[in-house]
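Dear colleague,

Please find below the structure that I am handing over to you. My notes on what was found in it follow directly after.

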Amino acid sequence: LVQLEEYNQQYEERKKVEITAVYNKIITGRHPVLLKKVKAKTKDAFTVGDMPSFLIGKFITLEIKNQYHLKSSNRDEIVEELRVLLDNSMPKILIRADIQHFYESIPQTKLMSRIEGDDFLSVISLKYLRKFFYEYNRLIGKQELIGLPRGISFSPVLAEIYLQEFDKKIRS
């Protein structure tokens with residue numbers, strides 16, 4: 001029984017040391033990001049390859065949402081807002097668009113320049129975004145810096161940032 005207690009203490013201590021080491025690698029930007037390519041219907045999608053990469057992706061997503069004041073669209077709220085707008089007698093134009101291969105067509109350099117210019121994200125988040133893009137480009141085998149990894153938590157919010165200027169023009 002004493003040996004079992006000693007083993008448990010040693011095990012707990014090793015876990016703390018390992019977690020601390022991973023944490024230190026993450027906060028200093030030295031942890032690699034791992035992506036895996038998977039098939040989602042007819043398109044390539046991506047998933048993170050380990051728990052630290054998952055946590056890094058979630059942190060980036062939260063930071064982007066907070067800094068850019070983005071909130072997830074609720075379909076019910078959108079429908080209700082649209083119903084109210086359509087109820088009045090004012091003339092309207094309704095635009096519904098679907099950009100084919102949208103995620104795969106976003107220029108990473110332009111997006112990163114915009115994000116870096118806004119100066120909202122931490123240096124560590126920017127560093128990890130570059131790492132995710134590097135890994136994504138490596139997996140798809142392209143030298144050009146185009147596309148967002150479909151399936152990764154921060155891709156929808158990055159796409160939303162990329163479309164903000166377009167949305168403003170459409171609204172006006």
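Ser155 lies in helix H7; helices (DSSP runs of H or I, at least four residues) and strands (runs of E, at least two) are numbered from the N terminus. With a relative accessible area of 0%, Ser155 is buried. Here buried stands for under 20% relative accessible area, exposed for over 50%, and partly exposed for values in between, with a 1.4 Å probe and protein chains only. Leaving aside residues up to four places away in sequence, Ser155 touches Tyr103, Leu148, Pro149 and Arg150, where contact means heavy atoms within 4.5 Å.

Before going further, please note that this is a predicted model, in which local features need pLDDT of at least 70 and side-chain atom pairs count only at pLDDT 80 or more, while totals for chains, interfaces and linings use all residues. Residues are numbered from 1 along each chain as its sequence is written, and side-chain values use heavy atoms, with hydrogens and water left out.

Helix H2

Which residues of H2 are buried? They are Pro52, Ser53, Ile56, Gly57, Ile60, Thr61, Glu63, Ile64 and Tyr68. The cover over the buried residues of H2 includes helix H1 (2-27), strand E2 (43-48), helix H5 (108-118), helix H6 (123-140) and helix H7 (155-171). After H2 comes His69, whose phi is positive, near 55°.

Ile64 also has contacts beyond its sequence neighbours: not counting residues up to four places away, Ile64 touches His69, Leu70, Leu121, Phe154, Val157, Leu158 and Ile161.

The nonpolar core

The largest nonpolar core has 29 residues, and those with the most contacts inside it are Ile60, Ile64, Leu111, Leu148, Phe154 and Leu158. Two or more residues of this core come from each of H2, helix H4 (102-105), H5, H6 and H7. H6 gives the most to this core, with six residues. Such a core is a set of buried Ala, Val, Leu, Ile, Met, Phe, Trp, Tyr and Cys residues joined through side-chain atoms within 4.5 Å. In soluble globular proteins, nonpolar side chains tend to be buried together.

Ile146 is found in the loop between H6 and H7 and is partly exposed, at 28% relative accessibility. Its contacts, not counting residues up to four places away in sequence, are Glu104, Ser105, Ile106, Pro107, Gln108, Tyr136, Asn137 and Ile140. The C-alpha atoms of Ile146 and Ser122 are separated by 23 Å, the two residues being 24 apart along the chain.

Met90 is found in the loop between helix H3 (75-87) and H4. This residue is exposed, at 57% relative accessibility. Met90 and His101 are eleven residues apart along the chain, and their C-alpha atoms are separated by 34 Å.

Leu1 lies in the segment before H1 and is exposed, with a relative accessible area of 80%.

Salt bridges

A salt bridge is counted when a side-chain nitrogen of Lys or Arg is within 4 Å of a carboxyl oxygen of Asp or Glu. How many salt bridges does this rule give? The count comes to eleven.

One of them joins the side chains of Arg83 and Asp87 (2.9 Å, N to O). Arg83 and Asp87 are separated by about one helical turn, because they are four residues apart in helix H3. Arg83 is partly exposed, at 41% relative accessible area, whereas Asp87 is exposed, at 57%.

The side chains of Arg114 and Asp118 also meet in a salt bridge (3.1 Å, N to O). Both residues lie in helix H5, four residues apart, about one turn of the helix. Arg114 is partly exposed at 30%, and Asp118 is partly exposed at 24%.

A further salt bridge joins the side chains of Glu116 and Arg130 (2.6 Å, N to O). This pair links distant parts of the chain, with Glu116 in helix H5 and Arg130 in helix H6, 14 residues apart. Glu116 is partly exposed at 35%, and Arg130 is partly exposed at 41%.

Yours sincerely
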